[in-house]
Amino acid sequence: MSIFSAKKTAFLMSAAMVLMLTACGGGSGGGSALPLNNGSSTPPISPPPPPVVSAPANTISAKFHGNFLFGGALNSFQIDAGDLAVDVATAHFNSLTPEFQLKADVLAPTEGAYDFTRADQIVNWAIENGMEVRGHALVWHEATPDYFYEGTPEQIRARLEDYITTVVTHFRGRVKVWDVVNEVTSVDIYDGENGVGPDRDTGWYQAVGSADYIDWAFHAARAADPDALLFLNDYETENPIKRAWFIEIAQRLIDRGVPIDGVGHQMHLQPNSTATEVLAAIDDVDNQFLGLINHITELDMSAYDNPGECWVSQTNCQPDFGPVAPTEFLEAQAQLMRDLFNGLAQRPSVESVTQWGVLDDDNWLNFTPVERNNFPLLFDRNGNPKSAYEAIVDDDYVIGGGG
Ligand code: GLA
């Protein structure tokens with residue numbers, strides 16, 4: 001399988017895609033947050049041991065060692081292919097998110113028939129290369145076989161708990177962080193206060209008849225691995241309306257004694273995004289909760305401005321820039337990333353920052369909402385650090401100054 005087709009396969013498998021209706025949108029690097037376990041029936045947990053992770057010299061990992069882990073998403077086909085991305089990940093990351101190997105349609109495409117081969121391969125590879133593994137994701141409305149939704153709510157609960165117990169137990173001690181639920185916050189953000197929040201109307205919600213499946217999932221994960229950190233993960237938390245619902249769900253979990261340790265902010269950014277709006281998401285969580293950890297889980301920045309209809313119907317999308325990124329975009333990306341990483345480093349609750357992919361051409365935005373060259377990450381197609389990377393690691397680097 002060629003590298004390109006492996007990437008595309010990876011993309012297609014992982015992305016029966018999230019319908020992002022507008023501007024779509026590890027670890028424990030030294031932050032002080034403590035896991036919460038507010039009165040749940042599971043035993044109290046002790047803080048996990050410090051991760052044995054690398055911090056390669058002259059890298060983002062090294063610069064922010066003591067602040068947060070830095071990593072990206074990678075898949076096992078890239079490892080098989082000896083992809084350039086694998087070398088870059090090895091040289092730069094101390095955290096890794098398997099792109100799709102830990103999703104339900106890969107682990108258990110048929111009820112009760114588990115296949116951990118690919119997942120074990122990438123999880124073990126990451127650990128052998130000094131990376132902490134973020135498990136993504138136990139419950140999602142995509143990449144989930146239909147059998148999960150069959151039967152009464154009680155049957156669905158038993159099946160979900162069995163699945164989570166099996167998966168989390170299998171990776172106990174190897175996967176340190178789980179995105180327990182992914183994208184459960186309402187996406188109805190266009191009606192302002194008339195929007196229907198906080199819960200998203202998904203296959204899970206409809207099958208169960210409520211959002212109780214979120215509680216079940218967290219309790220099962222905690223019982224299966226009391227040392228793993230458990231996260232609620234979502235996109236567009238930089239949007240204040242959606243963020244309020246996201247925070248409402250987290251608060252509800254805490255009020256009910258559901259064991260949640262942190263929240264993940266995907267951060268799929270746009271050309272007009274700002275570091276300020278991202279940091280506001282972290283600050284709102286910090287101001288609302290005592291001890292909840294923040295992770296940036298899927299950072300990328302599209303070079304394209306897209307009207308809503310581009311996402312919905314693939315019409316009126318900005319034309320392809322071709323293989324060379326506009327200089328203006330690269331400079332804006334560098335400034336945003338510098339401001340963002342420096343701001344994140346000032347916030348002790350931020351313990352992990354993950355970009356979604358490794359090299360620019362690995363990322364889903366090359367195929368979604370339409371196929372175009374995109375430049376969303378910190379390394380270019382040849383594996384070279386981009387201006388954004390230089391701006392992050394070197395405070396003296398002059399953006400637009402020719403290097
Ligand atoms: C969402 C999911 C990820 C991935 C991306 C697109 O953000 O959380 O797992 O599928 O979409 O690649």
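Student: Where is Pro 369 found?
Tutor: This is a predicted model. In it, Pro 369 is in the loop between β9 (350-355) and α14 (387-393).

Student: OK, the core. Which residues touch the most other members of the largest nonpolar core?
Tutor: Trp 178 and Phe 341, out of 99 residues in that core. Helix α9 (residues 212-224) gives the largest share, eight residues.

Student: What is Trp 178 in contact with, sequence neighbours within four places aside?
Tutor: Among them are His 136, Leu 138, Phe 171 and Phe 231. Another core lies apart, with five residues, including Trp 311 and Trp 356.

Student: Switching to helices. At what angle do α10 and α11 pack?
Tutor: About 30 degrees, with their axes 11 Å apart. Angles under 35 degrees count as roughly parallel, so α10 is roughly parallel to α11. The crossing is right-handed.

Student: Which α10 residues meet α11 there?
Tutor: Arg 243, Ile 247 and Gln 251. The contact residues split into four nonpolar, two polar and three charged.

Student: Last one. Is Asn 316 buried or exposed?
Tutor: Asn 316 is exposed, because its relative accessible area is 57% and over 50% counts as exposed. Asn 316 lies in the loop between α12 and α13. Its phi is positive, about 60 degrees, though Asn 316 is not a glycine.

Methods. Residues numbered from 1 in each chain as written. Predicted model: local features only at pLDDT ≥ 70, side-chain atom pairs only at ≥ 80, totals over all residues. Heavy atoms only, no water. Core = buried A, V, L, I, M, F, W, Y, C linked by side-chain atoms within 4.5 Å. Buried < 20%, exposed > 50% of the residue type's maximum accessible area, 1.4 Å probe, protein only. Helix = DSSP H or I, 4+ residues; strand = E, 2+ residues; numbered from the N terminus. Contact = heavy atoms within 4.5 Å. Axes fitted to C-alpha atoms, helices over the stretch in contact; angles between N-to-C directions. Parallel < 35°, antiparallel > 145°, perpendicular 65-115°, else oblique. Left-handed = near helix turned anticlockwise from the far one by under 90°. Nonpolar A, V, L, I, M, F, W, Y, C, P; charged D, E, K, R; others polar.
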